[in-house]
Amino acid sequence: MITRIRSRFGPEIVAIVLLILAFGFSAFREPRFLDAEYLFDRSTLYMEAGILALSMTFVIIAGHIDLSVTSILALVGAMCTTLVSKYGMPPAAMILVAPVVGGALGALNGLLVSKEKLPSLVVTLATMALFRGVAQILLGDHSLPMPKELVGIHKMQLPGTYFHVPLVLLTVLAVIAAFVLHRTVWGRWVTALGTNAEAARHAGIPTGKILVQLFTLSGIAAGIGSLLMLSRLGVARFDHARGLELDVITAVVLGGASIFGGRGTIFGTITALGLVGVVQTGMGVAGVKAEVQVAVIGLLLIVSVLFSNITARKRGR
Amino acid sequence: MTRKSIFALAALAAFGAIAPLGCKPAGKDGASGSGDAPKSGSSRIVFIPKNMGNPYFEAMEKGFQQASKELGFEFSTTGPAVAEPTAQISYIKDEIQRGATAIVIAANSVDALNGTLDEAKAKGIKIITVDSDLTGNESHRDLGVLACDFDTMGDFLIEQMGAIMNYEGKFAILSATTDAPNQNKWIKGMQAAIKNPKYAKMQLVDVVYGDDKDQKSLTEAEALLTKHPDLKGIIAPTTVGVYGCAKAVEQAGVYPGGKNAKGAGVSVIGLGVAKQMQRHLKDGIVPKVFLWDPAEQGYIASYAAVRMAEGKFTPADGATINIPDLPLTKMGDKKVGKNNVLIIGEPVEYNKENVDKYAGE
Amino acid sequence: MKKLLERRELSLLVAIVLIVSVAIILQPRFASEQNIRSILLWVPLLAVAAMGQTAVIITRGIDVSVGSILGLAGMTTAILLRDYPQLGVGGAAIIGIGLGALLGAINGGMIAFAKVPPIVATLGTLGIYRGLTFIVSGGRQVDDYQLPKDLMNWSLEGPALLAKVPFVNSIPWVVWIALLVMMLSHLGMTYTRYGRDVYALGGNPDAAALRGIPVNFVTFMAYVLCGIGGGFAGVLYASRYGTVNPAGIGNGFELQVIAAVVIGGVSVFGGTGGAPGVALSCLLLGVVNVALSVLAIADTWQMAIYGLVLLVAIIADERFARSARKRAGEAV
């Protein structure tokens, strides 16, 4: 009974309500906020985080975490641009190579977690330093240019609209992710794994295989994110997206996924990402200082979880 | 009706609600914004430092504030909490939306900001770089205001080091990050200068990088002392690094006259903020450091921005702009050089005697 | 169980000896007094912060806000010493440590009583405390000359009592302070009722509740201890670095602390590990960090090597633990 009520009036509600409030407040405080061109342009900054958040939702629902995604993103970028500029790889091949390399790096995480039975928090804490370190060995502190023909994807729009290509891509991927998570056997297995790993194993679910697949998925997402980021910034650097993993995890948890696993929705994650984006954009255009923005996002995270905890307990009793 | 279908419906509804926002208005692009064009008469200059809370850039703000009083423009500072290469992008975008007249920026990366700066320029916002330039990407800004002639900095530092160590013995360099363009230019300059027969007995034994972080700079400086027990001097052309070196020789007691010093001890020189180095200079741990007054860069950048917005000054090789004098410095006509770079002057020496004057508020 | 713990400390010792030997072969001056001092000065900050985190991780929690606690407490201490020098170094340090405890209590309160997951609560306060650090300081750093010489001397001079003892006389106060903190945590975790409760809770939370252990209080206190460790480390930071910058102080430090605790043999699955292992792992990290600089290993390689060392340490640990479990299983 408790779980049914909790899932129906789940924490997603908190994110939705906050999103509406934040949007209204920003528009009220600062009229310059309500400018579609600006909002969609500003949203290009959140697309990479959005794609990482989709895969992170799966990982967290399975009761795990991947701190190394942003390091994979940086390493994939470093490897691809090195291959193009030093070894003459055709630029178009990057579109294929990036997700494959990302997937391979993610699989390494997955194998360490499933075969060595190591906690994912610790494994990805180590590979977070390792992967970014290898990117630094490849590039040093210098940057390598993204091939010209692949630069500027965030400037390409659907004709007659402000919808840019990364936004369309994120939307499509989000719909696919939601389908896989909520409608397929694999999605149910992932949830089962996070609810009770032991029980899942006894029920004959191939938990080891699923773990490897999950972290591979996370790596593939980082590969795609890398393409988007490099296309947007025009250069690859070893320190790209450093610290972004915290924003990604914040979005997933804010979106109502349980960090202990077992529950969460793609819709919640995307809503929360929108919330973070709207709050930061609203504060940015109102001239709020960076450090206050950091504090507000932290507060938001705690308040939303506290709130859903309290309502869940009240309803449960 | 399961909860999943409720969410699917809600997602669709939400998307439907946002979708119209995504369509371009039939009229002119961007006409929906209320704050696109700056109101005439009131210009607004925004300064984006590498990161907030950095004393070097706080000193620079004073120049902006002074000019703001004289010229009557609105001035504000905004920027990221940490100096990540791409962290400044969202602040530039926000200022484009807020309708700045000019953005003065100390860029964290020579190339990662190119696209965003172009967007700002396309909206008619003047872009001026201070502190360091977008080396190799100069076309993405209108003007670069630099403190002193970076080409002669290397010679200058070697001569200063030489004079302290009697043109004899081993010395090392502690820099910031390996891709900091100013730093690399100066290191190259020093490596070239050392070939001069005058410095034949001086030996550059090591170049290390402290990444402009407290902990890394201190560890690297201590490692220098370990690796080269007969070291005579360290040149640190970075404000964080020179402070780290000062702490290292102080804590190891090897500064000139320190309890573990061999012979003349290890002399640290470099570029340092007067306030931050005050105690080490006065206690004789560090003989001297150099820096320009960062406020001058803010002051000149402000004048350049306002004159550019008024259409009275167009940066080009050989163009000049007249700047009023500051209390401590004479200004006058400043000439723009190659690549639209404006060089201010010579660095100031801070030592035991004069540091109080410069460190005072 | 006892055997297993000893094995971990032994393997850390072997690793330290191995790295030190290689470093000395490659650069004999690695054994110089200057370098030993350099390593000794590197460790205390990390060790003091790691002691608190140890208790948290034993209870199956995590505190990623410890770097921000260090930042806010260190910044506040520095500001107090600048504006109210009459407080004295001791007074300001006590306030700094007390503030750390308060910040830890906020984390602990949310986690123990409001049942917010530890990573979520501390991820939130990571941002909030960092923001507050900027706000209390007005975004401005406190400079060396604004801090009293007494505080700086903690990193310069040793206790006057030992001034006559050769070599030991050059070991500064911060090292003695860290040693004391480590001893106290070891004693506290081993011989007090609270320490035993922490292990019982981490080993099996359900059983701990059934046995009448005040689970909420034990959890709450673990975060308070972590806050105290972070606050104390903040004070030591001000002494060691002199300049206290709101963006720089403690930024990213949480990763070092968590790495130190995990390498030190504290399992994130709770219940095992302790102060001696963590102390040795702090020393190991100090040796590795200084060695990377002294051996002039290219800057760009340092992060990768760091990650690799961490990865190898946790894999080796898990293998050891598994084989030990197997043997224990056969014996029974």
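Predicted model: local features only at pLDDT ≥ 70, side-chain atom pairs only at ≥ 80, totals over all residues.
The side of chain C that touches chain B draws two or more residues from each of the following elements of chain C: α2 (33-58), α6 (149-153), α10 (215-241), α12 (275-294) and α13 (299-331). Helix α2(C) gives the largest share of that side, namely six residues. Sorted by class, the side of chain C that touches chain B holds 17 polar, 14 nonpolar and eight charged residues.

Four salt bridges are found across the interface of chain C and chain B. A salt bridge joins Arg140(C) to Glu58(B), and the closest N and O atoms of this pair are 3.3 Å apart.

## Extent of the interface between chains C and B

The size of an interface is often given as the accessible area lost when the parts come together. For chain C and chain B, the buried area is about 3100 Å², with carbon and sulfur atoms giving 46% of it. Three residues, Gln34(C), Tyr145(C) and Tyr241(C), supply 18% of the area that chain C buries against chain B, which is more than any other three residues. In terms of residues, the contact involves 39 from chain C and 34 from chain B.

## Organisation of chain B

Chain B contains 11 helices and 14 strands. Of its 361 residues, 58% are buried. Among the contacts in chain B with a separation of 6 or more, 68% are between residues 24 or more positions apart.

The chain is divided into two parts: domain 1 comprises residues 44-141 together with 294-345, and domain 2 comprises residues 150-291. The C-alpha centres of domain 1 of chain B and domain 2 of chain B are separated by 30 Å. Seven residues of domain 1 of chain B and four residues of domain 2 of chain B take part in the contact between them.

## The boundary between the domains of chain B

Domain 1 of chain B and domain 2 of chain B bury about 450 Å² between them, and carbon and sulfur atoms give 71% of this area. The side of domain 1 of chain B that touches domain 2 of chain B consists, by class, of three nonpolar, two polar and two charged residues.

Between domain 1 of chain B and domain 2 of chain B there are zero salt bridges. One residue pair is in polar contact between these two domains, with both residues at pLDDT 80 or more.

## Two individual residues

Glu119(B) belongs to helix α4 of chain B, which covers residues 114-122. Its relative accessible area is 16%, and Glu119(B) is therefore classed as buried, since this value falls under 20%. With neighbours within four places in sequence left aside, Glu119(B) is in contact with Lys93(B) and Ile96(B), and also with Asp41(A), His154(A) and Lys155(A).

Ala93(A) is found in the loop between α5 (69-87) and α6 (94-115) of chain A. The relative accessible area of Ala93(A) is 24%, so this residue is partly exposed. Ala93(A) and Leu170(A) are 77 residues apart along the chain, and their C-alpha atoms are separated by 21 Å.

Technical notes:
Residues numbered from 1 in each chain as written. Chains lettered and ligands numbered in written order. Heavy atoms only, no water. Contact = heavy atoms within 4.5 Å. Buried area = accessible area lost by both parts, 1.4 Å probe. Salt bridge = Lys/Arg side-chain N within 4 Å of Asp/Glu carboxyl O. Helix = DSSP H or I, 4+ residues; strand = E, 2+ residues; numbered from the N terminus. Nonpolar A, V, L, I, M, F, W, Y, C, P; charged D, E, K, R; others polar. Domains from an automatic or database assignment. Polar contact = N/O pair within 3.5 Å; in protein donor to acceptor, adjacent residues only side chain to side chain. Buried < 20%, exposed > 50% of the residue type's maximum accessible area, 1.4 Å probe, protein only.
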